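Happy to walk through this one with you.

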Amino acid sequence: MTSSNSQSMKPATVAKKLGIYLPATPQEFQDSSISRDEFAELQANPPEWLAELRRNGPHPRPVVAQKLNVSISGLARGGVEEALTTAQITELLQAPPQWLVTERATHAAVRSEAQRVKDEAAKKAATKEAKDNAAAKRDAPKTSKRDHA
């Protein structure tokens, strides 16, 4: 899977970029470097094993966290330390344990607060820009009709 004249990536890097669990990949994938061209090909035309992993798992913790709508830290607090399959994730979503309900609420509150802070910063920036524009207009040299003649 290696090309001699282009940059290559380690299998762990490629797995992370593809959102797949490295230990579940074929041994040939785990043992080789992947060129950027090969990576692009994997993204554009995923082989059956990659499509199957994406569809059914096992999924790495960042993907599990996203599918459960919690943080990775929330997974750890809930005792989820291993990769989960799509079936296991679905099972958790259909009958959520108390830790999942709590972590989802916490995650939603954190996202809401982050959005509030972002909106507040944008509002401050817009106010500052408006003040700066007003000051620039005020400080600009005045022109009279005689200046244009």
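The questions and answers below go through a predicted model, setting values against their cut-offs.

Q: What makes up the secondary structure of the chain, and which pattern does it follow along the sequence?
A: The chain has nine helices and two strands. Read along the sequence, the order is β-α-α-β-α-α-α-α-α-α-α.

Q: Why are H5 and H7 called roughly parallel?
A: Helix H5 (residues 61-68) and helix H7 (residues 86-94) pack at an angle of about 30°, with their axes 10 Å apart. Angles under 35 degrees count as roughly parallel, and H5 and H7 are therefore roughly parallel to each other. Their crossing is right-handed.

Q: Which residues make the contact between H5 and H7?
A: On the H5 side they are Val-64, Lys-67 and Leu-68, and on the H7 side Ile-89, Leu-92 and Leu-93. By class, the residues of this contact are five nonpolar, no polar and one charged.

Q: How do you know that H1 and H3 are also described as roughly parallel?
A: The axes of helix H1 (residues 11-18) and helix H3 (residues 36-44) come within 11 Å and cross at roughly 30°. With under 35 degrees as the cut-off, H1 and H3 are therefore roughly parallel to each other. The crossing of H1 and H3 is right-handed.

Q: Which residues of H1 and H3 meet, and how do they divide by class?
A: Val-14, Lys-17 and Leu-18 in H1 meet Phe-39, Leu-42 and Gln-43 in H3. The contact of H1 with H3 has four nonpolar, one polar and one charged residues.

Q: What makes Ala-65 buried or exposed?
A: Ala-65 is found in helix H5. Its relative accessible area is 3%, and buried means under 20%, so Ala-65 is buried. Leaving aside neighbours within four places in sequence, Ala-65 is in contact with Val-70, Ser-71, Ile-72 and Leu-75.

Q: Is Ser-32, in a loop, buried or exposed, and how do you know?
A: Ser-32 is found in the loop between helix H2 (27-30) and strand E2 (34-35). Its relative accessible area of 16% falls under the 20% cut-off, so Ser-32 is buried. A polar atom of the Ser-32 side chain lies 3.1 Å from the backbone oxygen of Glu-28.

Q: Why is Asn-69 called partly exposed?
A: Asn-69 has a relative accessible area of 31%. Buried means under 20% and exposed over 50%, so Asn-69 is partly exposed. This residue is in the loop between H5 and helix H6 (72-77).

Q: What makes the phi of Asn-69 worth a look?
A: Phi of Asn-69 is near 65°, a positive value in a residue other than glycine. Most residues other than glycine have a negative phi.

Q: Which peptide bond is cis, and where is its proline?
A: A cis peptide bond joins Gly-57 and Pro-58, with omega about 10°. Most peptide bonds are trans. Pro-58 is in the loop between helix H4 (48-56) and H5.

Q: How much of the chain is buried?
A: Of the 149 residues in the chain, buried residues make up 21%.

How values were computed:
Residues are numbered from 1 along each chain as its sequence is written. This is a predicted model: local features need pLDDT of at least 70, side-chain atom pairs count only at pLDDT 80 or more; totals for chains, interfaces and linings use all residues. Side-chain values use heavy atoms; hydrogens and water are left out. Axes are lines fitted to C-alpha atoms, for helices over the stretch in contact, and angles run from 0 to 180 degrees between N-to-C directions. Helices (H or I, at least four residues) and strands (E, at least two) are DSSP runs, numbered from the N terminus. Angles under 35 degrees count as roughly parallel, over 145 as roughly antiparallel, 65 to 115 as roughly perpendicular and the rest as oblique. A crossing is left-handed if the near helix is turned anticlockwise from the far one by less than a right angle, and right-handed if clockwise. Contact means heavy atoms within 4.5 Å. Ala, Val, Leu, Ile, Met, Phe, Trp, Tyr, Cys and Pro count as nonpolar, Asp, Glu, Lys and Arg as charged, and the others, Gly among them, as polar. Buried means under 20% relative accessible area, exposed over 50%, partly exposed in between (1.4 Å probe, protein chains only). A polar contact is a pair of N or O atoms within 3.5 Å; within protein, one must be able to donate a hydrogen and the other to accept it, and residues adjacent in sequence count only if both atoms are side-chain atoms.
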